[in-house]
Amino acid sequence: MKTLRTAVMVASLGWAVASSMPVQAQTVGYNIRTGDVWVDARLGEINDYGRRYRDPFVSEMTGYYGAPRSLVLDLLDRRGWAPADVYFACAIARTLGIPCLDVVQRYERNPGVGWGNLAKQMGIKPGSREFHALKNGAVSTYDRWGYPIRIDQRVSVDWSKHGPGRGKGGGKPAQAGSAKPDHAGHGQGNSGRGPGNSGKGNSGKGNGKGNGRD
């Protein structure tokens with residue numbers, strides 16, 4: 001009986017500690033699942049890029065995706081978000097033309113729903129115009145990071161070899177107000193500083209070129 005009471009007390013203590021911890025996005029063994037293989041692959045690479053090259057990553061989130069720097073740093077440092085989670089929240093926000101904070105708050109209210117389901121709930125469904133815009137945004141980000149890709153192209157990027165100043169990856173981070181309109185004309189970004197995803201190559205700062213994206 002004493003052993004049983006001890007076990008119950010330990011379990012209760014563990015639950016109390018866990019429940020008191022802040023809600024965090026996935027940070028260890030990153031494996032986001034959106035339901036789209038190409039997007040999942042990009043998010044894994046973006047997560048690696050953000051961990052290796054923090055400053056260029058933060059500049060991309062603030063300069064192109066329009067997220068407040070204070071929010072990005074708070075998510076990364078205090079709340080323990082993975083870089084790819086920060087990216088995807090802000091990418092969803094930019095696609096919908098809303099503040100990144102709105103998506104962050106919605107995710108933190110129910111983190112178990114997952115990014116794929118959250119995107120669907122917010123109107124970004126696989127195959128939709130909005131989902132295409134979301135993918136196109138990743139293409140533009142890779143352009144600025146100096147590694148041109150195409151939507152649904154099978155590619156695996158090793159940022160340890162192709163990051164800033166390394167081989168193919170010589171791109172520069174986006175600066176505020178540097179975004180250009182894309183060929184599909186997808187709305188305003190959430191910062192109101194520039195139009196939607198470019199989808200035309202880099203914004204004049206990296207060394208990538210367009211690749212005939214659809």
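## A buried charged pair

Asp 36 and Lys 135 are both buried (under 20% relative accessible area, with exposed meaning over 50% and partly exposed in between, using a 1.4 Å probe and protein chains only). Their side chains meet in a salt bridge, 3.0 Å from N to O (a side-chain nitrogen of Lys or Arg within 4 Å of a carboxyl oxygen of Asp or Glu). This pair ties together distant parts of the chain: Asp 36 sits in the loop between helix H1 (2–20) and H2, while Lys 135 belongs to helix H8, 99 residues apart. Helices here are DSSP runs (H or I, at least four residues), numbered from the N terminus.

A word on the source: this is a predicted model, where local features need pLDDT of at least 70, side-chain atom pairs count only at pLDDT 80 or more, and totals for chains, interfaces and linings use all residues. Residues are numbered from 1 along each chain as its sequence is written, and side-chain values use heavy atoms, with hydrogens and water left out.

## Other salt bridges

The structure has nine salt bridges. Within helix H2, Arg 52 and Asp 48 lie four residues apart, about one turn, and their closest N and O atoms are 3.0 Å apart. Arg 52 is partly exposed at 44% relative accessibility, and so is Asp 48, at 26%.

Shared partners link Asp 74, Arg 78, Arg 79 and Glu 108 into one salt-bridge network.

## Two cavities

There are two cavities of 30 Å³ or more (on a 1 Å grid over the protein atoms alone, sets of points where a 1.4 Å probe fits but cannot get out, with lining residues having an atom within 4 Å of a point). Volume is the space filled by probe spheres set on the points, which are joined across faces, edges and corners. The largest cavity holds about 60 Å³, and its lining includes Trp 38, Tyr 87 and Lys 135. H2 gives the largest share, four residues. By class, that lining has seven nonpolar, no polar and two charged residues (nonpolar: Ala, Val, Leu, Ile, Met, Phe, Trp, Tyr, Cys and Pro; charged: Asp, Glu, Lys and Arg; polar: the others, Gly among them).

The second largest cavity has about 50 Å³ of space. Helix H7 (residues 115–121) gives the most to its lining, three residues, and the lining splits into five nonpolar, two polar and one charged.

Definitions and conventions: 1 Å grid on protein atoms, 1.4 Å probe; cavity = no way out; pocket = protein on both sides within 12 Å on 5 of 7 lines; lining within 4 Å. Helix = DSSP H or I, 4+ residues; strand = E, 2+ residues; numbered from the N terminus.
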